[in-house]
Amino acid sequence: MKGDYREPNVLPGFGITLGFTTFFLCAIVLLPLSALVLKAAGMDFARFIEVITSPRAVASYRLSFGAAMLAAGVNMVFGFAIAWTLTRYDFPGRKIIDAIIDMPFALPTAVSGIALTTVFAANGWIGQYLEPMGIKVAYTWLGITVALTLIGMPFVVRTVQPALAEVQRDLEDAAETLGAGRFYVFRRIIVPTVMPALLTGFTLAFARAVGEYGSVIFIAGNMPMKTEITPLLIVIRLEEFDYAGAAALGCVMLAISFVMLLAINLLQVWGRQRMTVRR
Amino acid sequence: MSIALDQVTKRYQDQPVVNDVSIEVGEGEFFVLLGPSGSGKSTLLRAIAGLTGIDHGRISLHGRDVTHVRARDRGVGLVFQNYALFRHMTIADNIEFALRVRGMKAADRRARRKELLQLVALEGMDERLPGQLSGGQQQRVAVARALAHKPKVLLLDEPFGALDAKIREELRRTIRAVQRELGITTVLVTHDQEEAFALADIIGVMNHGRLLEVGQPHDLYAQPATRFVATFLGAANLLLARQTLDGIRFGATPVTSAGSASMAGGREHEVVAVLRPEEVEIASAREQLTSNYIAKGAVEEIVFTGALERLRVKLLDEPCAAQLLGPSGTGEARLEITRTQPERRLLPLRPGTEIALGARRLHVLPTPLSSFLACASTEAEAAQLAREPLLESLSTNMKTRVGLRAIDGLQDSPAPFAGVAAVAGGPEASTTVEWLLRHGANEVLVLPKHAPSPARVYIHWTDEAARRATLAVSASLLRHVSAEAVYLGIVPAGRPGAARAAPMRQLLDARSEAQHDHGLEMRTELAIGETVTELTRNLSTGTAQMLVLGITDITQAGTAYRSLLAAQPGWPVLIVYRPPDQPARAAPEAAA
């Protein structure tokens, strides 16, 4: 049959790989998520609304997403600075610093949580100096943000690094001969050029921070309404055998995360279209 | 002068990439810096733009010293090979960049932008993004952007490198037209000689970080002074010929008539002659040649290239063939010939046909270094000497050959020595050198084992009579190694202050002569003490140093300089000998 002719591909096995992709998505991602939604759907609607709009839940959303957003924002700025240092300068120990950046990837999050608590507690290494100044880190939202910053940092650094390495020196040289000062070059040439990568890094760091549990619970103090993050609230609900309630909260997290990631992705697509290279 | 570079030197990790370059570019001139990749031409351009700092020298633009002025305050426009357009900005924003930085009003910016887009024939492209334009269009935007702030100097770094041939030619015409219209002083960097010929008012040829020659395209092509320029600008056959009292001889056949003033010295010597492929005449027999006969040959290869026919011809006359330098200096000796279509129709050829070859025009290079002759007690040792890295790199860079000669026992009456004799360093070196100089060699290179290519060459002569020759040899040598030249003047210790004025003046004379006659930029240093001690001390200050030593008294080589030549591990020493009564050679151009 005429219509059946398919262009031979360099890499064979399209059928198999597509099959695997579909299976993987279904079994690992979609199925559990559907189960979650189904579980939540098991409750009646009034109860569902009541659970997800309870003051304790709303406070936890605000903390979870607010701290994650703040941490990702901090990472965007300082992660960029680290990536800049690592790509632009060569200094003794650069390789070591480059390796240390990956540590939060490998470290069990509980370990980093405990470590941070030790350092930032009122009698900890840094905490003892901050305390007199009236800055409390451990057991406050600030501590949560610090923990989320720590675990999100490598995402930003690792995505921005290759993009920065690709910024042609010629662009900066060209801008300089045209009369631009260093800060002008940075603001108008370098930042816009690495913006897509920076946004990707931000997204990854944010997504990771929203889902973070292990490191936060040690430093958060977990006071309802104050320092209780949504994942923790879900765990508490589970421990109370309120599976439906936990699922409802999970659904809310899922929805908010989805909307935010979608928004960032759309922003990126829009940005990329402007940068399309055609020769 | 619009652009003036004075002894500009730039080093990377102690290796000079731009070496003592002085250039003057006139107002409104189109200057092309031509050189192979790695010759330092781009670095020099970046130095003019202010993007690369220099280690030594001065740069001035329109009489203003800008050596320490930042790029953004130099008022130059720079165009890059890969366009370097800001991809996230529209064409309009790209072009207006320099104006925006300067805080110009929007209406004025727009007016200037329209003007520029019209200049490069891209009207109406304002709101496009660079990614939506073709390569040629992008480069035109880059030119417009570089001109926006009305710079006094336009710099172009291989602007056609990323484009295909057709567009390249079109853009070349655009740039030439824009340059003429604005009358802006322009420096363009390229490795493409065709491009240089098409655009340049003046061409400067660079190699190994040095500016070799500067001149109008035609003059450089017709009368190059160095073999690099001869072979880099167009194709060239290089021949080793002999300058005799009866004119120039190639092998046994006289090629030019007698009567040249160059034989003032009265001694025959070897010269390097340039024979352009289009200056070779072909006839079926010697009698039919209208020009001077050079040799017989057999056609090996015929390539049709459209307007021209390219031939490779093997010389049949053995002694002549040995005098022909191949493209890399060694290996096969083949003559490259081009013929026009009318010439081809008159005498159609096929591979294998035997023909007579004539030279319509032969240009003798003024270089005193023609070829090398490795001398050792046995032929095998000479062959080993010829493989010394320094000698090998010199002969490759000079596109010349290294002959072998066994001089066992230093017997008397050897065949005449041609070119630079090379001998191994060591305790016996000075004896050998003296013997060679007594038997007709004029230059002897003493090579210690595994001597690296020098980074610094010291120049010294014991007697002012040797100055001209030593400078000529040094200049020729330094065109083929990337090293800095240092003239070392030595004043005996204990002289009263007044008596030091003479050496000081000699030092300055030497420097201006080197610069004026040979285009060689050299530094000068003055040492006080005993000659051999001071030479040894200076040579020991670093690794990879070399000495060019001019002498007028043969016995000096054997006595005074014995310790210098015998030192372990030692330095390469090039001895230039001129008897005091023999004026230096000068080999003017000879036309057949």
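Residues are numbered from 1 along each chain as its sequence is written, and chains are lettered from A, and ligands numbered from 1, in the order in which they are written. Because the model is predicted, local features need pLDDT of at least 70 and side-chain atom pairs count only at pLDDT 80 or more, whereas totals for chains, interfaces and linings use all residues.

The model scores ipTM 0.73 and pTM 0.77.

Chain A is divided into domain 1 (10–41) and domain 2 (51–275), the bounds coming from an automatic or database domain assignment. The centres of the two domains, taken over C-alpha atoms, are separated by 28 Å. Five residues of domain 1 of chain A are in contact with seven residues of domain 2 of chain A. On the domain 1 side, the touching residues comprise four nonpolar, no polar and one charged. In this classification Ala, Val, Leu, Ile, Met, Phe, Trp, Tyr, Cys and Pro count as nonpolar, Asp, Glu, Lys and Arg as charged, and the others, Gly among them, as polar.

Between the chains, 22 residues of chain B are in contact with 21 residues of chain A. On the chain B side, the elements giving two or more residues are β6 (76–79) and α2 (91–101); helices (H or I, at least four residues) and strands (E, at least two) are DSSP runs, numbered from the N terminus. This side of chain B divides into 12 nonpolar, seven polar and three charged residues.

In soluble globular proteins, nonpolar side chains tend to be buried together. A nonpolar core is here a set of buried Ala, Val, Leu, Ile, Met, Phe, Trp, Tyr and Cys residues joined through C-beta atoms within 7 Å. A residue is buried if 20 or more other C-beta atoms lie within 10 Å of its own, exposed if 12 or fewer, and partly exposed in between, with C-beta atoms placed from the backbone. The largest core has 115 residues, of which B:Val32, B:Leu155 and B:Ala273 touch the most other members. Helix α4 of chain B gives the most to this core, with six residues. Among the residues that B:Val32 touches, beyond those up to four places away in sequence, are B:Leu188, B:Ala196 and B:Ile203. A second, separate core of 73 residues includes B:Trp435, B:Ile490, B:Val573 and B:Leu574.

B:His56 lies in strand β4 (residues 56–61) of chain B and is partly exposed because 17 other C-beta atoms lie within 10 Å. Beyond residues up to four places away in sequence, B:His56 touches B:Gln7 and B:Thr9. B:Gln7 belongs to strand β1 (residues 3–12) of chain B and has a positive phi of about 50 degrees although it is not a glycine. With 16 C-beta neighbours inside 10 Å, B:Gln7 is partly exposed. A positive phi, near 55 degrees, is also found in the non-glycine residue B:Ala121, located in the loop between α3 (106–119) and α4 (135–147) of chain B.

Conventions
Two residues are in contact if their C-beta atoms, placed from the backbone, lie within 7 Å.
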